[in-house]
Amino acid sequence: MTDPDPAVPTGDANAPAPDLAARYGRGRTGTQPPAARTGQEDPWDEADGVRPRPKLSVGARVAVALALAAGVAIAAWFTIVDTRRDPVTFVDVGFSVTSPEEVEATFDVSMPPGTEAVCTVTALSRSFAEVGAVDVEVGPDEARTTRNVVTIATTELATTAVVDHCDLR
């Protein structure tokens with residue numbers, strides 16, 4: 001089968017184009033396509049089977065707004081409670097293997113200004129065995145977040161150094 005020649009018209013040029021509902025098979029059986037619009041017809045005429053989406057009532061809008069406000073308040077409450085429960089947080093920034101017996105770890109500690117914490121930093125081998133550890137005293141400081149660099153002596157070549165945990169003093 002060959003494709004028709006695009007230069008040859010295949011239909012009646014004066015025939016009205018089918019409406020969208022009929023084109024996509026959603027037209028009602030037994031209904032006629034609407035006549036050409038003159039601008040005076042109702043654009044939401046239900047004769048073609050297409051109805052506008054109903055709008056939310058005022059009460060439904062208020063309920064949605066209250067539900068969103070409650071969700072934001074609950075998220076804020078959980079954040080505040082989590083901060084009070086564990087006010088010390090840490091982030092591993094990086095590490096550098098300086099020799100087979102030494103690794104340097106860089107990490108950030110965030111806690112309320114004026115408080116002190118002790119962080120345990122461990123060095124791990126290729127098989128994730130602990131090959132070195134050190135406790136680092138952090139603070140007190142005026143800034144909420146401080147960057148710390150510590151050198152860890154190792155028993156063999158370390159492939160990484162990470163903060164294990166930090167606790168308030």
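Start by selecting Cys-119 and Cys-166: Cys-119 stands opposite Cys-166, which is in strand 6. Now colour strand 3 (residues 117-124) and strand 6, which pair in the antiparallel sense over eight bridges. Strands here are DSSP runs (E, at least two residues), numbered from the N terminus, and two of them pair if DSSP finds at least two bridges between them.

A word on what you're looking at: this is a predicted model, where local features need pLDDT of at least 70 and side-chain atom pairs count only at pLDDT 80 or more, while totals for chains, interfaces and linings use all residues. Residues are numbered from 1 along each chain as its sequence is written, and side-chain values use heavy atoms, with hydrogens and water left out.

Is Thr-122 buried or exposed? It counts as buried because its relative accessibility is 7% (buried means under 20% relative accessible area, exposed over 50%, partly exposed in between, with a 1.4 Å probe and protein chains only). Among the residues Thr-122 touches are Gly-132, Ile-152 and Val-162, not counting residues up to four places away in sequence; contact means heavy atoms within 4.5 Å.

Hop to Phe-128, in the loop between strand 3 and strand 4. Phe-128 has a positive phi of about 65° although it is not a glycine, and at 67% relative accessibility it counts as exposed.

Last stop: Pro-140, in the loop between strand 4 and strand 5 (145-153). The peptide bond from Gly-139 to Pro-140 is cis, with omega near -5°.

Note on methods:
Helix = DSSP H or I, 4+ residues; strand = E, 2+ residues; numbered from the N terminus.
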